[in-house]
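The following exercises are to be worked through with the sequence and the coordinates at hand. Each task is followed by a solution in steps.

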Amino acid sequence: SLLAGGSRQAAYDRVWRAKKLAAERTRKLDERRKKVKLDLEAREREAQAHESEEEEVGATRSLEQEIMRLREEGSRQLEEQQRLIREQIRLEREQRVQGKQERSGAEGKVTPKLKLKWKCGKEDETSGGYSEDVLLRILQKYGDVLNLVISSRKAGSAIVEFATVKAAEMAVKNEVGLTNNPLKISWLEGQPRSHSSTVLPGSTTQPRAAQASVVSERDYESLVMMRLRQAAERQQLIEQLQRQEEEESHT
């Protein structure tokens, strides 16, 4: 019985040691699995952090490139604006120089003047459709108009003074006025000699009934400046118109 009891004890010890070894192996395996899991999680977090860092770097690089592109584009636009401003200043300077040369060349010369006539009743408040603004718009397409005087005594009569002979010649040859009330234009003063054989002083152009006047718009400010300048010449023009009317009334 002692031997049997000893055998059972030995068997029990072997089973207990086997269970203990199995439990130890299970514990070590669990620790190994836990470590592997932790390592995997750490690697995953590291990979995510690296990916986020790369995305941030890429976004920063894209932002820097966009900023550089906008700066270059803004610089080009600024350069273009500066170029346009310089070009405008150059053109204005050339125009001023050219205007001074034309005015200095015209000093001492008689400016060309034309006489305008059209049908107009004494009681016609519209002056036959020819107000000062209408006449200016009609005549200014040929060149600068220095003065325009509409007779207050004789309806349908006016005198215009051009800055250049060429403008006056073009007006005499081409302008017909309004279709329903044509203009008669004749030389009053400053007619070039080269045309004296073809266009006599006092002669009028024949209106073309089918042709309508082309009205060009002028800048209002330049129109105001034009009216303000050369007040003395305008007064002389008025006196000249009055003398013309008196001479016509005596004939």
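**Exercise 1. Determine the number of residues in the largest nonpolar core of this predicted model, and the elements that supply them.**

Step 1. The largest nonpolar core has 22 residues. Those with the most contacts inside it are Leu114, Leu116, Leu135, Val160 and Phe162.

Step 2. Two or more residues of this core are given by each of E1, H2, strand E2 (145-150), E3, H3 and E6.

Step 3. H2 provides the largest share, five residues.

**Exercise 2. Describe how E1 is covered and paired.**

Step 1. Four of the five residues of E1 are buried, and the strand is thus mostly covered.

Step 2. E1 and E3 run antiparallel and are joined by five bridges. Within this pairing, lysine 113 has glutamate 161 of E3 as its bridge partner.

Step 3. E1 also pairs with E6, in the antiparallel sense and over five bridges. Here leucine 116 has isoleucine 185 of E6 as its bridge partner.

Step 4. Leucine 114 can be examined through its contacts, leaving aside neighbours within four places in sequence. These include Val160, Phe162, Ala168, Val172, Ile185 and Leu188.

**Exercise 3. Identify the buried residues of helix H3 (residues 165-174) and the elements they pack against.**

Step 1. The buried residues of H3 are Ala167, Ala168, Glu169, Ala171 and Val172.

Step 2. These buried residues pack against E1, E3 and strand E6 (184-189).

**Exercise 4. Locate and classify the aromatic pairing in the structure.**

Step 1. One aromatic pair is found when the whole structure is searched.

Step 2. The ring centres of tryptophan 118 and tyrosine 130 are 5.1 Å apart and the planes stand at 45 degrees, so the pair is tilted.

**Exercise 5. Is serine 157 buried or exposed, and which residues does it contact?**

Step 1. Serine 157 belongs to strand E3 (residues 157-162).

Step 2. Its relative accessibility is 1%, and since buried means under 20%, serine 157 counts as buried.

Step 3. Leaving aside neighbours within four places in sequence, serine 157 is in contact with Lys115, Leu116, Trp118, Ile150, Ser151 and Leu241.

Notes: Residues numbered from 1 in each chain as written. Predicted model: local features only at pLDDT ≥ 70, side-chain atom pairs only at ≥ 80, totals over all residues. Heavy atoms only, no water. Buried < 20%, exposed > 50% of the residue type's maximum accessible area, 1.4 Å probe, protein only. Contact = heavy atoms within 4.5 Å. Phe/Tyr/Trp six-rings, centres within 6.5 Å; stacked < 30°, edge-to-face > 60°. Core = buried A, V, L, I, M, F, W, Y, C linked by side-chain atoms within 4.5 Å. Pairing = 2+ DSSP bridges.
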